[in-house]
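Visitor: Please show me the structure, and let us discuss the terms used to describe it.

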Amino acid sequence: MQNTINTILSEYSTIQFLEDTMYFWSPKNREIHYKKSASTEADVWKLLHEIGHALLNHERFRIDIELIHMEIAAWSKAKQIAKKYDIEILDNHIQDCLDTYRDWLYRRSICPNCMSTGLQDTASVYRCINCLNTWRVSASRTCRTYRKNQRAPVAGAL
Ligand SMILES: [Zn+2]
Ligand SMILES: [Zn+2]
């Protein structure tokens with residue numbers, strides 16, 4: 001696994017890679033944070049996913065739904081790159097990751113007043129079409145919580 005990761009890192013030398021305890025793409029600094037001591041196949045998938053964000057030049061998103069679209073695009077790019085290395089990224093893994101984002105989006109969009117699903121007006125305001133209530137949400141950020149290991153969200157990371 002480590003060999004594969006080293007090969008990938010050297011082939012994408014135009015991207016800045018930083019050792020960290022988790023995986024994410026930082027559009028602001030244009031760098032990928034990755035786990036140095038990666039050992040599982042899923043680690044390689046996550047690395048390829050972040051490379052997907054980098055190659056697609058993903059920036060910070062304005063409204064939440066854009067994030068889901070970027071996540072899907074980054075996974076499809078990751079699958080494409082994976083073929084080069086004879087790696088197959090399991091769809092289950094991708095769906096689990098996307099579900100995490102969908103759950104996060106769903107929680108933000110629920111009206112605190114009547115529990116209907118609201119619409120996002122701006123980056124930080126949702127509006128209920130049922131009771132016309134509006135509520136603020138934290139500035140758009142990527143939720144990094146994977147179901148199995150709950151982690152705090154990192155602002156501005158994808
Ligand atoms: Zn409402
Ligand atoms: Zn992502």
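**Strand pairing and the nonpolar core**

Guide: In strand S3, Tyr 34 has Glu 19 standing opposite. This is a predicted model, in which local features need pLDDT of at least 70, side-chain atom pairs count only at pLDDT 80 or more, and totals for chains, interfaces and linings use all residues. Residues are numbered from 1 along each chain as its sequence is written, and chains are lettered from A and ligands numbered from 1 in the order in which they are written.

Visitor: Why are S1 and S3 said to pair?

Guide: Two strands pair if DSSP finds at least two bridges between them. Strand S1 (residues 16-20) is joined to S3 by five bridges, and the two run parallel; the pair therefore meets the definition.

Visitor: Why is the largest set of 20 residues called a nonpolar core?

Guide: The term denotes buried Ala, Val, Leu, Ile, Met, Phe, Trp, Tyr and Cys residues joined through C-beta atoms within 7 Å; buried means that 20 or more other C-beta atoms lie within 10 Å of a residue's own, with C-beta atoms placed from the backbone. Ile 32, Leu 47, Leu 48, Ile 51 and Ala 78 have the most contacts inside this core, and their residue types therefore belong to that list. Helix H2 gives the most to this core, with six residues.

Conventions:
A residue is buried if 20 or more other C-beta atoms lie within 10 Å of its own, exposed if 12 or fewer, and partly exposed in between; C-beta atoms are placed from the backbone. Helices (H or I, at least four residues) and strands (E, at least two) are DSSP runs, numbered from the N terminus.
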